[in-house]
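Dear colleague,

I am passing on the structure we spoke about, with some notes on what came out of going through it. Please have it open while you read what follows.

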Amino acid sequence: VSGEFTFVNRGDIAVTYETKAAPYQSTADDNGGQKVDYQTETDYTQIAKWITFSDNSKGTLAPGENVKIGFSITVPKDAPNSDKNGQYAVMLVESKTAGDQGSEGTSVAENAGVGPIIYAKVNGNTRETAEIIKNDTDGFLFNPPITVSSIVKNTGNVHAKVSYIMRVFPFLGGESIYNNEENPSTVMVLPGSTRYYSLTWETAPPIGIYKVQSEVKIFDQVSKIEKLVIICPMWVLILIAVFIIAVIFWIVARAKGRKAEA
């Protein structure tokens with residue numbers, strides 16, 4: 001397989017760049033975000049060794065200039081392991097810019113690498129299995145927005161595109177007041193990795209009762225939920241509590257007054 005991508009210097013000084021292929025892994029971290037690894041080699045990242053680049057894969061770019069970098073992927077006849085036919089790598093363009101002039105000469109500043117990710121399948125025994133661990137939303141909120149969250153795990157041996165749909169309806173039914181059904185959110189999940197994801201209705205009113213539906217799909221696994229969500233600010237609860245207390249005092253005072261009259 002051959003192709004090319006464009007590297008652009010959007011800065012205002014010249015950069016020296018060099019392109020390399022690196023392993024690519026991504027999974028959930030302990031805080032619910034994503035942890036990306038460009039260094040650890042596994043059976044799923046062997047493709048990084050099969051990528052070669054064109055002669056212009058390194059050089060210098062003036063501000064505003066761009067370069068088209070060609071690449072080729074050649075799969076060895078004996079690779080990969082038949083149970084690891086999902087393969088992942090990133091084509092990193094690492095750049096350097098000249099820094100401030102010091103006593104020992106010009107310093108060099110490292111810039112973060114950028115580049116396209118390769119999601120590939122090679123011949124082998126494809127296993128498309130997954131587990132939807134969580135698909136839920138809070139039933140009571142003091143303030144908007146309304147958010148549905150999910151956790152999925154890819155237990156297969158190839159990458160999977162996960163789709164997420166959220167629909168919000170008025171409590172008494174009718175048409176949805178929010179949904180992304182025509183343009184579902186999607187993310188890619190690598191084999192053996194876990195993915196946290198959330199969808200949010202940012203413009204939810206500050207008070208109300210809604211029926212919220214969430215649908216998560218990975219491979220042939222589908223999880224659908226419908227939940228009643230109440231948004232009630234704290235000041236409303238305080239007013240209700242004050243009203244209830246006032247009514248109780250009024251009832252007690254009235255009962256005492258009747259006893260006194262008797």
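**Cavities**

The second largest cavity is lined by Ser26, Thr27, Gln34, Met188, Val189, Leu190, Ser193, Thr194 and Arg195. Two or more of these lining residues come from each of the elements β3 (25-28), β16 (185-189) and β17. Please keep in mind throughout that this is a predicted model, and that the volume of about 40 Å³ for the second largest cavity is a computed value. Sorted by class, its lining has three nonpolar, five polar and one charged residues.

In total, the structure holds two cavities of 30 Å³ or more, and for the largest cavity the volume likewise comes out at about 40 Å³. The residues that line the largest cavity are Asn135, Val148, Ser149, Ser150, Tyr164, Ile165, Tyr197, Ser198, Leu199, Ser214, Glu215 and Val216, and the elements that contribute two or more residues to this lining are β13, β14 (160-170), β17 (194-201) and β18. The lining of the largest cavity divides into six nonpolar, five polar and one charged residues.

**An open sheet**

Strands β1, β7 and β5 form, in that order, an open sheet of three strands with antiparallel pairing. The edge strands, each of which pairs on one side only, are β1 (2-8) and β5 (51-53), and the twist from one strand to the next averages 30 degrees.

**Two places in the backbone**

Most residues other than glycine have a negative phi, and most peptide bonds are trans. The peptide bond that joins Pro144 and Pro145 is cis, with omega at about 10 degrees, and Pro145 lies in the loop between β12 (140-141) and β13 (146-154). Phe219, which is not a glycine, has a positive phi, near 50 degrees, and this residue lies in the loop between β18 (208-218) and β19 (221-231).

Is Phe219 buried or exposed? Phe219 counts as buried because its relative accessible area is 18%, and the cut-off for buried is under 20%.

With best wishes

Notes: Residues numbered from 1 in each chain as written. Predicted model: local features only at pLDDT ≥ 70, side-chain atom pairs only at ≥ 80, totals over all residues. Heavy atoms only, no water. Helix = DSSP H or I, 4+ residues; strand = E, 2+ residues; numbered from the N terminus. Buried < 20%, exposed > 50% of the residue type's maximum accessible area, 1.4 Å probe, protein only. Pairing = 2+ DSSP bridges. Axes fitted to C-alpha atoms, helices over the stretch in contact; angles between N-to-C directions. 1 Å grid on protein atoms, 1.4 Å probe; cavity = no way out; pocket = protein on both sides within 12 Å on 5 of 7 lines; lining within 4 Å. Points joined across faces, edges and corners; volume = space filled by probe spheres on them. Nonpolar A, V, L, I, M, F, W, Y, C, P; charged D, E, K, R; others polar.
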